[in-house]
Amino acid sequence: MTDPVPTTCMRCAVGCGHLQIGVDAGYGIGSVRGDVSHPTNRGLACQRGVSETADPDGEWLTRPLVREDGRLHPTTWDVALDRAVEGLTAAAAADPDGVAVLGSGQQTNEAAYALGKLARGGLGTRYYDANTTLCMASAVTAYYDAFGSDAPPCTYDDIEDADTHVVWGANPAVAHPVMFRWIEESARDDDGRLIVVDPVETKTAGVADDHVAPEPGTDLALARAVLARVVERGEVDGEFVEAATEGFDDLVASLPPVESAAATAGVDEETVDALAAALTDRTLIYWGMGVNQSVQGTDTAAALVDLCLATGNMGPGSGPFSLTGQANSMGTRICSSKGSWPGQRPFDDPAERRLIAEAWDVPVDRLPDDAGPGPVGTLDAVADGPVEAVYAVATNPVAGMPDAGRVRDLLSDAFLVVQDAFRTETAELADVVLPAATWGESDGTTTNMERRVSRVRPVTDLPPDVRTDLDAVTTIGERIAPGLFPATEPEAVFEEFAALTAGTPADCSGISYDRLDEVGAVRWPAPDAVSEGGYRYLTDPGEWEFETPSGRARFSTATHGGLAEPTDDEYPLTLTTAREAGGYNTGVRSRGEVTEPGPLARVHPETLAEHGVDADADADTTATLSSRRGRVPVRPEPDPAVPTGLVWLPVHHPRTNELTLPETDPKSDEPNLKQCAVRLEPATAERGPDTGAPVAGPGGPDDD
């Protein structure tokens with residue numbers, strides 16, 4: 001048996017340390033367990049992270065593929081790379097924006113940094129996204145607006161010290177099980193409390209002291225109602241507001257009457273009173289995709305920050321804590337050059353652009369002038385120009401983006417290079433497929449949601465025709481822009497990235513592989529070899545210094561503006577999407593072969609009866625769910641935890657997003673994935689054909 005190799009779990013963003021043991025012969029991981037020496041989890045590990053690391057579902061890609069005569073055929077790396085570079089170079093020849101690059105929060109810091117360097121410094125395209133715009137951009141924008149810097153001010157250390165835990169639009173019992181154990185243990189203390197705000201009675205809500213169920217899409221109205229009540233009751237922390245914030249008077253002037261805002265949210269005033277009262281104790285407010293994935297996601301996240309600022313819930317044991325979606329979303333935010341240059345250097349600052357150009361040894365005018373429009377705008381550019389080629393790395397937009405049927409059509413018309421460990425729905429459309437390493441085969445680092453950087457290590461050799469993301473990206477980058485990657489090994493690439501962050505808000509220059517090998521994980525900012533970040537912006541007890549021009553935190557003034565797509569007579573129900581306990585992102589690692597015709601739809605029994613759907617019928621699929629964008633067969637399950645008028649679908653199923661809405665938040669570009677209008681009918685209803693494309697599982701139609 002091989003010796004255990006310490007690494008970091010890449011399933012979610014908690015960042016648990018794992019010990020992996022390789023198989024005795026061949027390639028693969030034999031077993032996985034929690035690492036008691038890792039400072040993040042101290043040996044705790046969830047079964048999902050263990051099982052999806054050791055034995056994930058999905059069809060592994062083991063050889064490069066190229067499309068010939070409409071089908072994907074196995075080939076060599078030389079042929080695949082020639083085809084990929086030729087197509088990408090041709091698209092960029094007339095216009096650097098002719099190529100779009102899509103990355104992922106599933107990559108290591110090193111691979112994400114290299115992909116951003118290729119996109120921005122090698123190609124010079126503005127059409128680049130690291131996938132965080134699909135999950136975290138609204139929280140990021142709210143943090144910048146309030147604090148002048150991205151990432152939550154609090155850390156995991158604050159969970160134990162909090163009295164009240166408010167989980168808003170998130171389900172950490174399912175999405176982040178190890179972190180939720182800490183929340184639940186703290187809430188069980190004599191003075192502890194757990195409050196969940198979610199339209200659905202989730203697993204997290206099921207163990208909460210209080211569950212508040214607002215109308216879908218009205219979170220901003222509810223947050224403003226609570227803040228208005230805090231002001232009315234005189235429970236504002238005036239000393240903190242006066243010393244450390246600005247804009248409070250404008251906020252107060254913008255607040256709606258409590259009665260009308262509560263009515264909009266579908267709750268009574270007593271519920272608003274209870275939420276306001278809970279904030280008088282030390283409170284952590286957590287939120288997730290239920291807040292972020294909305295046309296008002298930034299404003300709602302900002303309103304939750306406002307609640308913390310106004311009540312003085314800043315400092316140890318309190319504060320706003322966004323729950324990160326993908327495993328290395330935080331890493332891509334600080335190193336991948338998506339919304340800022342490495343270390344949160346402002347994208348639109350000419351001096352920062354010159355510094356990056358000099359460090360990368362590229363002409364400054366090659367770097368794009370802005371950060372681009374996000375993934376929805378990028379796909380629009382495939383439809384309307386100038387994008388002619390797409391390079392997608394560790395991401396599955398055909399299943400993960402809204403209005404997925406349109407996404408499928410657009411990518412079918414583009415020259416498409418897909419780099420992934422598994423054969424995804426997006427890979428089925430590709431002109432070139434590059435097989436990539438996965439967690440137990442990769443070397444590098446990752447960054448969890450509390451800003452801790454830790455090592456990712458391989459426990460098994462790579463199969464002969466598989467390469468790491470970093471290897472593939474730097475190889476393509478060197479052929480497109482020779483000299484762009486003088487460093488290609490993980491440690492050297494990390495050193496290059498870390499040096500670029502020196503003196504920035506996200507300073508990682510004091511982090512090295514040797515230091516991580518010694519201590520396990522280091523939280524940024526870490527400007528030297530012995531320091532690491534704690535609670536941000538708190539310089540001394542009671543002394544605050546934010547990254548804003550004034551050094552003060554800023555309040556926001558937005559109010560509820562309505563749903564992006566309200567229900568009507570034709571589409572009388574609201575669709576929402578969320579995580580399943582066993583699901584991972586678009587499900588490639590967790591769902592196995594997709595044989596059923598459609599996703600499971602959780603619906604209140606009264607709603608099923610009202611729409612004539614018999615959930616007990618002897619058939620795989622007894623209903624059809626339609627929106628203005630698509631029509632999908634579903635398997636209805638009666639569930640009183642879902643309120644009447646709402647339909648719940650798993651975000652991981654490849655057909656769910658054929659229904660969802662591509663409208664985006666105007667501040668963050670994040671799509672409104674959480675609410676849209678739908679119609680539910682018995683499967684026998686005649687409304688025209690199912691227009692969705694067939695789903696290819698392992699052994700799909702393009703297999704050679």
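Helices (H or I, at least four residues) and strands (E, at least two) are DSSP runs, numbered from the N terminus. This is a predicted model, in which local features need pLDDT of at least 70, side-chain atom pairs count only at pLDDT 80 or more, and totals for chains, interfaces and linings use all residues. Residues are numbered from 1 along each chain as its sequence is written, and side-chain values use heavy atoms, with hydrogens and water left out.

V207 counts as partly exposed because its relative accessibility is 44%. The cut-offs are under 20% relative accessible area for buried, over 50% for exposed, and partly exposed in between (1.4 Å probe, protein chains only). Leaving aside neighbours within four places in sequence, I see V207 in contact (heavy atoms within 4.5 Å) with F180, E184 and L194. From V207 to A173 I count 34 residues in sequence and 9.4 Å in space, C-alpha to C-alpha.

**Helix α13.** Which residues of α13 (residues 269–278) are buried? I list V272, L275, A276 and A278. Seen down the axis of α13, these fall within an arc of 160 degrees, so they line one face of the helix. The arc is that of the directions from the helix axis to the C-beta atoms. The buried residues of α13 pack against β8 (164–168), β9 (193–197), β10, α9 (219–232), α12 (258–265) and β12 (283–287).

**F422.** I placed F422 in the loop between β15 (415–420) and β16 (432–435). F422 counts as buried because its relative accessibility is 3%. Not counting residues up to four places away in sequence, F422 touches P56, D57, G58, E59, W60, L61, T438, V588 and R589. F422 and P214 are 208 residues apart in sequence and 38 Å apart in space, C-alpha to C-alpha.

**Confidence.** I checked pLDDT, the predictor's confidence in each residue, from 0 to 100. The chain mean is 94, and 96% of the residues reach 70 or more. Over residues 687–704 the pLDDT is below 50, yet this stretch has 41 contacts in the model beyond near neighbours in sequence. Where pLDDT is low, the predicted coordinates should not be read in detail.
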